[in-house]
Amino acid sequence: MIHAHFTKVAGTDEFISVKVKGHSGFDTYGEDIVCASVSSLVIATVNALEEYVGLDTAYEVESGYTSFNIVPIDEYTSIQAQAIANTLFMAIVGMSEEYDDFIRVTIQEE
């Protein structure tokens, strides 16, 4: 199962970090559309935050694990970063509703 863990600033809708770990087990390696979809979404998000917004996400990528931080530089980059992070969140939540035996989403406040 894929576990997508989102951390927000307490009392806000502001994401500050994301950790995604595990494999969906939906299909065999190389044929698993659930795992490939989540991986693509997460890597696209990291790329957008780093290349488009200009953040240093301190990302970590290993087999079955990706994590990154969202630390905006100013208000403008915060708006951009949160739009991108919310897009990832909505996409993964949507996938978890369709593939609920393969993806679990959790939210924590700090």
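Beyond its neighbours within four places in sequence, Gln82 is in contact with Asp13, Glu14, Phe15 and Ile70. In this predicted model, Gln82 belongs to helix α2, and the side chain of Gln82 reaches the backbone nitrogen of Phe15 at 2.8 Å. The points below cover this residue, the nonpolar core and the aromatic pairs.

**Gln82**

- With a relative accessibility of 11%, Gln82 counts as buried, because the cut-off for that class is under 20%.

**Nonpolar core**

- The largest nonpolar core holds 24 residues, of which Phe6, Val38, Leu49, Phe68, Ile70 and Ile92 touch the most other members.
- Two or more residues of this core come from each of β1 (2–8), β2 (15–21), α1 (33–53) and α2 (75–98).
- In soluble globular proteins, nonpolar side chains tend to be buried together.
- Apart from neighbours within four places in sequence, Leu49 is in contact with Gly54, Leu55, Thr57, Phe68, Ile70, Ala81 and Ile84.

**Aromatic pairs**

- The model contains five aromatic pairs.
- Phe6 and Phe89 form an edge-to-face pair, with 5.0 Å from centre to centre and 85° between the planes.
- Phe6 is located in strand β1 and Phe89 in helix α2, so this pair ties together parts that are 83 residues apart in sequence.
- Phe6 has a relative accessible area of 0% and is buried; Phe89, with 16%, is buried as well.
- Phe26 and Phe102 also form an edge-to-face pair, at 5.2 Å centre to centre with 85° between the planes.
- Phe26 lies in the loop between β2 and α1, and Phe102 in the loop between α2 and β5 (103–109), so the pair connects parts that are 76 residues apart in sequence.
- Phe26 is partly exposed, with a relative accessible area of 33%, and Phe102 is partly exposed at 21%.

**Ring cluster and charge over a ring**

- Phe6, Phe15 and Phe89 are linked into a cluster by ring pairs.
- Lys8 lies over the face of Phe89, at 5.9 Å from the ring centre.

Technical notes
Residues are numbered from 1 along each chain as its sequence is written. This is a predicted model: local features need pLDDT of at least 70, side-chain atom pairs count only at pLDDT 80 or more; totals for chains, interfaces and linings use all residues. Side-chain values use heavy atoms; hydrogens and water are left out. A nonpolar core is a set of buried Ala, Val, Leu, Ile, Met, Phe, Trp, Tyr and Cys residues joined through side-chain atoms within 4.5 Å. Buried means under 20% relative accessible area, exposed over 50%, partly exposed in between (1.4 Å probe, protein chains only). Helices (H or I, at least four residues) and strands (E, at least two) are DSSP runs, numbered from the N terminus. Contact means heavy atoms within 4.5 Å. A polar contact is a pair of N or O atoms within 3.5 Å; within protein, one must be able to donate a hydrogen and the other to accept it, and residues adjacent in sequence count only if both atoms are side-chain atoms. Rings of Phe, Tyr and Trp (its six-membered ring) pair if their centres lie within 6.5 Å; planes under 30 degrees apart count as stacked, over 60 as edge-to-face and the rest as tilted. A charge sits over a ring if NZ of Lys or CZ of Arg is within 6 Å of the ring centre and within 35 degrees of the ring normal.
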